[in-house]
Amino acid sequence: MEKKKRGFSLYKVFIYVALITLAVSIIIPVGWVFMASFKQNSEFMGAGTNPWALPKEFYYQNFITAFRDAHMGTFFMNSVIVTVIALLLLLVLALPASYAISRFDFKGKKILNSAFMAGLFVNVSYIVVPIFLMLSATNDFFGVQFFLNNRFILALVYATSALPFTIYLLSGYFKTLPKGFEEAAYIDGCGHYKTMVKIMIPMAKPSILTVILFNFLSFWNEYIIAYTLMDGNDTLAMGLKNLMAVEKMATNFGIMYAGLVIVMLPTLILYIMVQKQLTEGMTLGGLKG
């Protein structure tokens with residue numbers, strides 16, 4: 001009995017040490033970036049400067065310069081528009097698909113499900129050049145310039161690339177729900193669509209929030225696809241890349257770190273907002289009897 005308790009205690013100590021180490025490895029770099037974003041350039045260079053020292057004063061001009069001179073405000077709005085459209089398209093496509101695959105039997109279901117599962121092994125970054133050539137050929141065919149440098153098309157590419165993982169996650173959750181919820185809804189006169197919208201989707205809220213958070217991080221920080229398909233309507237990740245290249249050459253480190261904070265801040269705020277919902281139980285209620 002004592003050996004079991006000792007082994008359990010050592011296991012708990014190991015888990016706590018691992019979690020604390022992971023937290024410190026994340027908190028220190030993030031905190032340092034926030035601290036460095038308020039420093040003047042003279043605090044980064046010169047004899048006797050301490051990179052870990054607190055800013056002598058909060059130099060907000062770094063953020064003003066990043067927004068104004070590097071057009072980070074425009075890039076920020078472009079990223080907001082693309083990310084919101086991509087998330088909306090993703091949910092509109094993935095929720096009905098995952099619900100139908102998980103709750104109904106129909107011809108071609110296995111083939112369709114296998115196709116979605118196969119999509120989990122396709123990294124869209126590897127096929128971005130064929131996507132670019134396809135969109136460019138479509139422009140030439142119709143004689144327009146619509147399918148490239150278009151925020152909606154970029155959002156559509158993001159949404160479709162995230163469909164396999166999203167359908168896999170949501171369908172796995174829908175499968176865990178008892179049939180009694182739907183049977184009760186059908187008795188009350190609800191059809192398939194109303195049952196999905198009024199009963200099943202609200203119950204899937206924790207899973208949906210997880211999908212939104214993961215895909216938000218992916219869309220917000222994506223660079224390769226945006227760099228390939230966009231030319232002018234740059235996203236925030238592209239703007240940050242340009243800002244870092246310019247400011248590193250000019251040794252304006254404070255402005256460079258301010259740009260990093262501008263990119264990181266929305267993701268941190270979103271996580272804080274949905275942290276409670278992400279950690280709560282995945283089943284909202286149950287059936288008795």
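How many cavities of 30 Å³ or more does a search of the whole structure find?

Analyst: The search of the whole structure finds one cavity of 30 Å³ or more. First, the ground rules. This is a predicted model, in which local features need pLDDT of at least 70 and side-chain atom pairs count only at pLDDT 80 or more, while totals for chains, interfaces and linings use all residues. Residues are numbered from 1 along each chain as its sequence is written, and side-chain values use heavy atoms, with hydrogens and water left out.

A cavity here is a set of points, on a 1 Å grid over the protein atoms alone, where a 1.4 Å probe fits but cannot get out; a pocket is an open set with protein on both sides within 12 Å along at least five of seven lines; a lining residue has an atom within 4 Å of a point. Grid points are joined across faces, edges and corners, and volume is the space filled by probe spheres set on the points.

The largest cavity holds about 40 Å³ of space. Its lining consists of Ser 79, Val 82, Thr 83, Tyr 158, Phe 219, Trp 220, Glu 222 and Thr 235. H3 gives the most, with three residues. By class, the lining has four nonpolar, three polar and one charged residues. For these classes, Ala, Val, Leu, Ile, Met, Phe, Trp, Tyr, Cys and Pro are nonpolar, Asp, Glu, Lys and Arg are charged, and the others, Gly among them, are polar.

Take Thr 235 from that lining. Thr 235 sits in the loop between helix H10 (224-229) and helix H11 (236-249). Helices are DSSP runs of H or I of at least four residues, strands are E runs of at least two, and both are numbered from the N terminus. Thr 235 counts as buried because its relative accessibility is 5%. Buried means under 20% relative accessible area, exposed over 50%, and partly exposed in between, with a 1.4 Å probe and protein chains only. Leaving aside neighbours within four places in sequence, Thr 235 is in contact (heavy atoms within 4.5 Å) with Phe 75, Asn 78, Ser 79, Leu 154, Glu 222 and Ala 226. Trp 220 is 15 residues from Thr 235 along the chain, and their C-alpha atoms are separated by 8.4 Å.

Now follow H3 to residue Arg 103. Helix H3 covers residues 72-103, and Arg 103 lies in it. Arg 103 is buried, at 8% relative accessible area. Its side chain makes polar contacts, meaning pairs of N or O atoms within 3.5 Å; within protein, one must be able to donate a hydrogen and the other to accept it, and residues adjacent in sequence count only if both atoms are side-chain atoms. The side chain of Arg 103 reaches the backbone oxygen of Leu 177 at 2.8 Å. Beyond four places in sequence, the contacts of Arg 103 include Phe 174, Lys 175, Glu 182 and Met 200.

Helix H6 comes next. Ser 171 lies in helix H6 and is buried, with a relative accessible area of 5%. Not counting residues up to four places away, Ser 171 touches Ser 98 and Ser 102. Tyr 168 is also placed in helix H6. Tyr 168 is partly exposed, at 46% relative accessible area. With neighbours within four places left aside, Tyr 168 is in contact with Met 117 and Leu 120.

H6 also matters for the open space. The largest pocket has a volume of about 260 Å³. It is lined by 16 residues, and the closest to its centre are Val 124, Ser 161, Ala 162, Asn 215 and Ser 218. Helix H6 (151-175) and helix H9 (205-221) are the elements that give two or more residues to this lining. H6 supplies the largest share, five residues. The pocket lining divides into 10 nonpolar, five polar and one charged.

Finally, the whole fold. The protein has 12 helices and zero strands. Of its 289 residues, 36% count as buried. Among contacts between residues at least 6 apart in sequence, 72% join residues at least 24 apart.
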